[in-house]
Amino acid sequence: MLRRRFRHPRLARLMLNLWPPLLLSGIQVTELSDDFRRMKTRLKNWPGTRNLHGAQFGGNLFALTDAAYAIMLNHMIGDQYYVWDKSAHIDFIRPGRGEVSIECVLTDDMMADIYRHTADGGKYLPEYEVVIKDKAGETVAVARRTLYIRLKPEFRPQKNAPVQ
């Protein structure tokens with residue numbers, strides 16, 4: 001939906017920042033490159049984003065990592081593919097005090113792997129690491145996100161019918 005309506009990165013970033021799940025969680029996309037290969041996102045230091053100990057709530061930290069790679073890839077590889085988050089895991093390293101942020105980057109090698117692994121029509125489940133850092137650059141948490149990427153049925157190569 002977002003991909004079809006907001007192909008320009010500035011408009012996509014604006015719409016993401018107005019999207020209630022991000023807006024109400026204190027999450028803001030601060031940068032989105034023109035080619036959708038790099039995204040920076042931050043979790044604001046609001047009273048509603050902190051836990052009982054004054055550190056950032058773990059659920060918000062996890063939400064900060066949600067969908068960044070899927071959003072970027074959906075814009076980059078087009079309507080021929082399914083792209084969504086399949087699974088995720090997070091390791092909390094230290095309390096996140098104050099604002100925290102992430103930076104997600106898609107490299108040429110990552111894109112080549114996607115095209116190579118999906119060329120035959122099969123699914124590809126790449127795992128990407130997302131490091132959450134505080135203002136001082138210290139690691140707060142590390143999330144590992146597994147994506148599901150596959151050509152849609154109408155774009156998959158046709159299997160040869162058996163010869164009789």
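Predicted model: local features only at pLDDT ≥ 70, side-chain atom pairs only at ≥ 80, totals over all residues.
Modeller: Local features here need pLDDT of at least 70 and side-chain atom pairs count only at pLDDT 80 or more, while totals for chains, interfaces and linings use all residues. Residues are numbered from 1 along each chain as its sequence is written, and side-chain values use heavy atoms, with hydrogens and water left out.

Biologist: Why is the contact of arginine 145 and aspartate 66 called a salt bridge?

Modeller: A salt bridge is a side-chain nitrogen of Lys or Arg within 4 Å of a carboxyl oxygen of Asp or Glu. For arginine 145 and aspartate 66 the N to O distance is 2.9 Å, so the pair meets that rule. Arginine 145 lies in strand 6 (residues 139–151) and aspartate 66 in the loop between helix 4 (58–65) and helix 5 (68–77), so parts 79 residues apart in sequence are tied together. Helices (H or I, at least four residues) and strands (E, at least two) are DSSP runs, numbered from the N terminus.

Biologist: What makes arginine 145 count as buried or exposed?

Modeller: Buried means under 20% relative accessible area, exposed over 50%, and partly exposed in between (1.4 Å probe, protein chains only). Arginine 145 has 7%, so this residue is buried. Aspartate 66, at 40%, is partly exposed.

Biologist: How do you know that arginine 145 lies over the face of phenylalanine 62?

Modeller: The rule asks for NZ of Lys or CZ of Arg within 6 Å of the ring centre and within 35 degrees of the ring normal. Arginine 145 is at 5.4 Å from the ring centre of phenylalanine 62 and is placed over its face.

Biologist: Why does the pair of lysine 135 and glutamate 99 count as a salt bridge?

Modeller: Their closest N and O atoms are 3.5 Å apart, so the distance falls within 4 Å. Lysine 135, at 69% relative accessibility, is exposed. By this rule the count comes to twelve salt bridges.

Biologist: What makes the rings of tryptophan 84 and tyrosine 148 a stacked pair?

Modeller: Rings of Phe, Tyr and Trp (its six-membered ring) pair if their centres lie within 6.5 Å; planes under 30 degrees apart count as stacked, over 60 as edge-to-face and the rest as tilted. These two rings have centres 4.8 Å apart and planes at 5°, so the pair is stacked. Tryptophan 84 is in strand 3 and tyrosine 148 in strand 6, 64 residues apart.

Biologist: Which residues form one aromatic cluster?

Modeller: Tyr82, Trp84 and Tyr148 do.
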